[in-house]
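Biologist: Can you walk me through this model? I'd like to start with the pocket.

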Amino acid sequence: MATAKSAKFDIKSYTGFKAITMLCLFVLYAPLVVVTIYSFNSSVSLTNWEGVSFRWYVDVFTGPESGKFKAAALNSLIIAISAATMATAIATLAATGMVRGGKFKLRAVSFGLISLPLMVPEIVTAVATLIFFNAISFERGIMTILLAHTAFCIPFAYLPISARMQGIEDSYEQAAMDLYANKRQAFTKILMPLMMPGIISGFILAFIVSLDDFIITNFVKGAGVETLPTAIFGSVKQGIKPNIMAISTMLLGVSILMVTISYFVSKADNTK
Amino acid sequence: MSSKEQIAIDVRDAVKRYGDFTALKTISLSIKDNEFFTLLGPSGCGKTTLLRMIAGFEDVTEGAIFLYGDEIENLPPNKRPVNTVFQNYALFPHMTILDNVAFGLEMRGAGKSEARKKAGEMLELVQLTQFSTRKPSQLSGGQQQRVALARALAPQPKVLLLDEPLSALDLKLRKAMQLELKHLQRETGITFIFVTHDQEEALTMSDRIAVMSAGELQQLGAPTDIYERPHNMFVADFIGETNLLEVSVDNIENGRAICHLGGGHELTCNEVEGVGVGSKVHLSIRPERLFMSDTPAEGESLKGSVKENIFVGTDITTIVDLQDGPDFVVRTSNSDRGNKRIFEPGTEMFVNMELGAARLLVD
């Protein structure tokens, strides 16, 4: 009886539920699936299927553009790791202050200031950052990209870290202090390990956001300095070749790997 | 052995204010060495605030706290040789049971192996040796409670603070833990300060109880003092069950006060300081101090009729209606039914008590 009754309000029984779900999934994933499949196409054509081959993957690493892509990928990786590390460190401190700082004036304002960059159109941030670097005569290059990425990654790292921290009762730190730990020991031995899943999630999110950023990077990068997204864009401007699809598929693979790690890390809840 | 009268914790005129709100209004009390001391009161009475002030988690707005003669109210928690058993236990979830118990010892500078060895001994004391490699989440509530106890006792604090540690346990386990705690206190000889809102728990375990309400100390004394000689209405009402009656004092003679209950009923009580002739005050009589008979017994007797009998397992509770006067609750123990009578509802009878069973209360 009870199951029959609740089934009436089950969203799955709504008319068109299945059709709409399938449509949404199709719109979301069809382009990715197409790109992934055609990255294994042996043809020079983008759309004519001629058979399975890894030639475009080989082309990425050995072809005429391979030098450019390798340098760009290395830049992207260095920037993403450094920017995510710095952003995570700053976000951890910010979350500690916001969540453990007690009630202070301008707390709501502080939260707004930390998360506002998420809402600001990226092009505005890009222009503002460029003007800022010009104003202080900071020569554009890999450093400007790194600084800009660090700045806009902070809110992405902050959100999972502070969410995690809010779930940690302060009685753990109190118990540590009660058991003769000083403030630093209470932080490093108790709070940090408990926050670790949030910190790792924050780092991964910041890493992905930095890795695939195009707009801000394109504005603040110096001449001749490319990251993977700007290199891909530059290459596409001269006509799309299947090697772009191979790079995209590899990037997609990295993203999926990162998201998967993040998922398992957050599932390993060490407070329970 | 230190002398029995040595003072472990001395709270002197301690005040706690949060902005405009006063959580604790000028409290002074001394807790003796080797004592099982309980802070008892309803939620919001300030008992946990006082405990947290002793632990160092709350600052003292005014006044001072001494620990064996040393002033401690300005020291951080990690500089005070007291340990706390938290209400939610606050066991470190990412550490094993053994590492939890060893934590305090290590922070105090013991080597890792020495700390673990002592922690193992503590786990033996609370009979949890076989769980030492598990994480807290793999233990039951009662086991976690014992780990919290072992962790707090391991660094051998001068005073152990317990913040309602039994409130999350079920009744049976709670009763067993009450005895275990009491035994542990006797064995270790450490001063325990126990916070609870459960008056029965307080009466069972404590050497002395401080009853608190609305940020003030209401009464401080041994369990029997508090139960049998409550100072005021709050204490009489909060501790145990009682008949609280509004009376007017008609006459005071030879240390005895004649009280009028309404409807022509009169009772004689011992005189209490601060209660004069003509004052309207309250009077408390414990239900188990009353007994029923069909003719007036020696002592104080009041005529009434039985309204209702309620069977509550070990006792029978009888509601007695005094003509034109207040209702009385009389409790008769089932084991006493040979000596004491139970009347059917509607029967006229007398409610009796010894002189002194009824106590006048100030305010």
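Modeller: Helices H4 (66-100), H8 (171-178) and H9 (183-211) of chain A each supply at least two residues of the lining of the largest pocket. Helices here are DSSP runs of H or I, at least four residues, and strands are E runs of at least two, numbered from the N terminus. A pocket is an open set of points on a 1 Å grid over the protein atoms alone, where a 1.4 Å probe fits, with protein on both sides within 12 Å along at least five of seven lines; lining residues have an atom within 4 Å of a point.

Biologist: Which helix gives the most to that lining?

Modeller: H9(A), with four residues.

Biologist: What should I know about the model itself?

Modeller: It is predicted: local features need pLDDT of at least 70, side-chain atom pairs count only at 80 or more, and totals for chains, interfaces and linings use all residues. Residues are numbered from 1 along each chain as written, chains are lettered from A and ligands numbered from 1 in written order, and side-chain values use heavy atoms, without hydrogens or water.

Biologist: Back to the pocket. Which residues lie nearest its centre?

Modeller: Glu173(A), Gln174(A), Met177(A), Lys183(A) and Phe57(B), out of 23 lining residues.

Biologist: New topic. How many residues does each chain put into the contact?

Modeller: Chain B gives 26 and chain A gives 20, with contact meaning heavy atoms within 4.5 Å. The two chains bury about 2000 Å² between them, 64% of it on carbon and sulfur atoms. That is accessible area (1.4 Å probe) lost on being put together, summed over both.

Biologist: What does Glu164(B) pair with?

Modeller: Lys47(B), with the closest N and O atoms 3.6 Å apart. The pair links distant parts of the chain, 117 residues apart. Glu164(B) sits in the loop between strand E7 (159-163) and helix H5 (171-188) of chain B, and Lys47(B) in helix H1 of chain B.

Note on methods:
A salt bridge is a side-chain nitrogen of Lys or Arg within 4 Å of a carboxyl oxygen of Asp or Glu.
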